[in-house]
Amino acid sequence: MGKYLGIDASTQSISGLLIDTEAGAVIAEESINFDAHFHDSYGVENGVFTMGGGTVHSAPLMWAEALDLLLQTLSAQGCDLGQIQAIAGSGQQHGTVYLNDTAASALGNLSADKSLKDQLAGIFSRETAPIWMDTSTAAQCAEIEAGVGGRDALLELTGNTAFERFSGPQIRKFHQTEPTNYTNTSYIGLVSSYVASLLAGKLVGVDPGDGSGTNMMDIAARTWNQQALDATAPGLEDKLLPIAPSGQSVGAISPYYVARYGFSTECLVLPFSGDNPCSLIGLGLVTPGQVALSLGTSDTLFACMDQPRTSKEGEGAVFASPDGQHYMALTCYLNGSLAREAVRDEYGLDWDGFTAALQATPPGNDGGLMLPYFAPEIVPNVPEAHVVRHHLDAADAQANVRAIIEAQALSSAIHARWMGVDITSIYVTGGASANAEILRVYANVHNCPIHRFETTNSAALGAALRAAHGHNPADSWQETVGPFTQPVPASTIEPDGEAVAAYRNLVGTYETLEQTHTNN
Ligand code: XUL
């Protein structure tokens, strides 16, 4: 029991969330927006530099400056940072930070009289860091896959095929385009391990959760895979620290933070993990079979798996869970709110009208189906936007509303199969989760209860819960996450037998329609 801090270093901001496990409550939350504070000094927009040709970077020195500002702000608000027993964190996944041979000593000798920014400006062998939004490495992806013996071989070794945003292809591009700077790099970290290093005052390794997003880690053994490293860049193993187990403290916080912000000398730092793996914990998914669905701009399905199952068709990514035992599956549908809003607007409805349309139409929609690709879709892979209506009258507003929601729910069932998870419950978050009629469709398609979950920052909460568990490893994960991950009271929607039967028949028809109109 005690107080634990979760730090989320994300694309547009860095946030801190403090929990009190005795009270089972979040007691402070603060966020530093990069554009608001650093647009003028670093030139970032939406936290990043968009450099053309799909290249998107950010500024690791800015992240250090923002960390100082975050801690200063929390302290100025009256947070007693001295009571914090452990810190863990979460970082935007895949982004890489390149440090030279002065980094270890600069981090180890931080003086509390000067800021991180003033002391660390010289530690970078590359001033900017490519991040997850970077799509400039298609050639490197192909080279890495070929280097290990093909796409399936990389999938087998690391759990994922090569993705442009993943760290390995980004490192390979750096080695190819800036060979001297690559040679002068002593340490390559991820956003997560870099921010952990700032706090620990020493270089910290990448945890398995974030290591899974590199195309370089053996997903089952949770160690770097030499074959994948060799296919990425020469001498890479010397620039990486061993994978750091997510639950093991890397030591006490640097004296810099004790002197400057009043942290206890005993406050422990745990390895940081990726934001999605931390969200898995922050949503309470610590038991295989538990699934969360975020209905946001895009719809994202998270699942806790007992094995590192992979998707050959690229339906999703696999990450090691920072709970140390399980795995996380992540599938992202681009046509989430975007598509729901397109239908709402096409028929001149507001959200009440949208809900009324769902109430007025039967499960199964009398056979009317829609393929809702209002924008290109990730899953299934649909490169060009196109909407298909099947036995569906484009003039019938109510049937089109039901068709879009049923399409999304049926697709979430079809493309969750690769996870091999027997879905027993779904926690739903995000804007559209407030609509019980939408959730009813999901309950009937998946034949399981749907619980609504309200969260502001599940990644930061997951990080704080990881800190709590790292400090109290004898507690079960369920005990740790339980008090913080309860569904909204009375929000549970149970499946209805008749509707479940209707969807059981419809899923095959939808799947055939999808296969007819897509590449999958
Ligand atoms: C996941 C991914 C993004 C970033 C966002 O693979 O690229 O979700 O983690 O911060």
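Strand 15 (residues 290–295) and strand 16 (residues 299–305) run antiparallel and are joined by 5 bridges. Within that pairing, Leu293 sits opposite Leu301 of strand 16. Strands here are DSSP runs of E with at least two residues, helices are runs of H or I with at least four, and both are numbered from the N terminus. Two strands pair if DSSP finds at least two bridges between them.

This is a predicted model, where local features need pLDDT of at least 70, side-chain atom pairs count only at pLDDT 80 or more, and totals for chains, interfaces and linings use all residues. Residues are numbered from 1 along each chain as its sequence is written, and side-chain values use heavy atoms, with hydrogens and water left out.

How many residues of strand 6 are buried? For strand 6 (residues 84–91) the count is 7 of the 8, so the rest of the structure largely encloses it. Buried means under 20% relative accessible area, with exposed over 50% and partly exposed in between (1.4 Å probe, protein chains only).

Strand 6 has several parallel partners. Strand 1 (residues 3–9) is joined to it by 7 bridges, with Ile7 opposite Gly89 of strand 6. Strand 13 (residues 268–269) also runs parallel to strand 6, through 2 bridges, and Ala86 stands opposite Leu268 there. Strand 14 (residues 273–274) is another parallel partner with 2 bridges; its Gly274 is the bridge partner of Gly91.

## Helix 1 against helix 2

Two packed helices are described by the angle between their axes and the distance between the axes. Helix 1 (residues 34–42) and helix 2 (residues 60–76) pack at about 135 degrees, with axes 11 Å apart. Axes are lines fitted to C-alpha atoms, for helices over the stretch in contact, and angles run from 0 to 180 degrees between N-to-C directions. The two helices are therefore oblique to each other (under 35 degrees is roughly parallel, over 145 roughly antiparallel, 65 to 115 roughly perpendicular, the rest oblique).

The crossing of helix 1 and helix 2 is right-handed, meaning the near helix is turned clockwise from the far one by less than a right angle. Contact residues (heavy atoms within 4.5 Å) are Phe34, His37, Phe38 and Tyr42 on helix 1, and Leu61, Met62, Trp63, Glu65, Ala66 and Leu69 on helix 2. They split into 8 nonpolar, 1 polar and 1 charged. Ala, Val, Leu, Ile, Met, Phe, Trp, Tyr, Cys and Pro count as nonpolar, Asp, Glu, Lys and Arg as charged, and the others, Gly among them, as polar.

## Helix 16 against helix 17

Helix 16 (residues 397–414) and helix 17 (residues 436–446) have axes that come within 9 Å and cross at roughly 40 degrees. That makes helix 16 oblique to helix 17, and their crossing is right-handed. Among the residues in contact are Arg402, Ile405 and Glu406 in helix 16, and Ile438, Val441 and Tyr442 in helix 17.

## Helix 9

Helix 9 (residues 191–200) is mostly covered, with 10 of its 10 residues buried. Just after helix 9, Gly201 has a positive phi of about 70 degrees.
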